[in-house]
Amino acid sequence: MPMFVDTSPPGHCIFCKIVAGDIPAAKVYEDDLTVAFMDIGQVNPGHVLVASKRHAVTVINLTPEEAAAVMQTAQRVAAAAQRAFDPDGITLFQANGEAGGQTVFHFHMHVLPRHENDGVALAWPRKEPAVHLLQGYAQQLQQALQEQTAAPTV
Ligand code: 5GP
Ligand code: ZN
């Protein structure tokens with residue numbers, strides 16, 4: 001069973017239509033693998049989404065080249081946002097799967113200019129498990145990493 005169910009086929013989702021130019025978007029930047037455009041729901045002025053051009057649902061479905069390209073575009077856009085909007089901070093945020101907060105199931109990363117007391121809440125309830133539990137989590141991940149022959153793609 002796939003980890004994330006793709007409810008909208010490639011080419012038919014809202015971001016594929018933006019990539020294709022079939023629906024309008026305020027584009028900021030594009031290259032071979034990525035496109036950056038204004039989020040229609042601006043949390044703060046200058047809130048941009050960096051999407052893969054190819055339809056991939058989550059970070060796990062990106063190729064290594066796409067993953068690298070997305071971060072490079074996010075870095076460029078963040079630097080431009082710093083210059084253009086002079087924020088106090090910038091949050092990069094990226095959600096995967098409904099439980100992870102994803103609402104559009106085509107990979108994208110938010111580049112969000114932040115300001116002191118802007119009211120944006122990213123407060124996570126944290127637990128501080130015992131050291132042996134942390135070591136157990138790390139071992140689970142190390143084993144999973146060893147089992148991966150290559151980064152999974154769509
Ligand atoms: P997510 O919740 O998946 O991390 O983010 C999806 C984002 O896509 C939301 O912030 C939402 O405002 C934005 N969005 C949804 N539909 C459209 C659209 O048609 N155009 C643009 N530019 N952004 C959209
Ligand atoms: Zn798509």
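**View 1. Buried residues in the predicted protein chain.** Of the 154 residues in this predicted model, 31% are buried (under 20% relative accessible area with a 1.4 Å probe, protein chains only). Carbon and sulfur atoms hold 58% of the accessible surface, which comes to about 10,100 Å² (Shrake-Rupley method, 1.4 Å probe).

**View 2. Helices and strands along the protein chain.** Here you can trace three helices and five strands (DSSP runs: H or I of at least four residues for helices, E of at least two for strands). Their order in the sequence is α-β-β-β-α-β-β-α. The C-alpha atoms fill a box of roughly 50 × 40 × 25 Å along the principal axes.

**View 3. The zinc ion (ligand 2) and its protein donors.** Cys13 (SG), Cys16 (SG), His55 (ND1) and His106 (ND1) lie 2.0 to 2.3 Å from the zinc ion (donors are N, O and S atoms within 2.8 Å of the metal, or 3.2 Å for Na, K and Ca; water is not among the atoms, so sites may look incomplete). The arrangement is tetrahedral because the four donor atoms subtend angles of 102 to 117 degrees (for four donors, all angles must lie between 85 and 135 degrees).

View 4. The donor spacing along the chain reads C-x2-C-x38-H-x50-H. Within it, Cys16 in helix 1 (residues 14-20) and His55 in the loop between strand 3 (48-52) and helix 2 (64-85) are 39 residues apart. Cys16 is buried at 10% relative accessible area, and His55 is buried at 8%.

**Notes.** Residues are numbered from 1 along each chain as its sequence is written, while chains are lettered from A and ligands numbered from 1 in the order written. Local features need pLDDT of at least 70, side-chain atom pairs count only at pLDDT 80 or more, totals for chains, interfaces and linings use all residues, and side-chain values use heavy atoms, leaving out hydrogens and water.

Note on methods: Tetrahedral: all angles 85-135°; square planar, octahedral: opposite > 155°, others 65-115°. Buried < 20%, exposed > 50% of the residue type's maximum accessible area, 1.4 Å probe, protein only.
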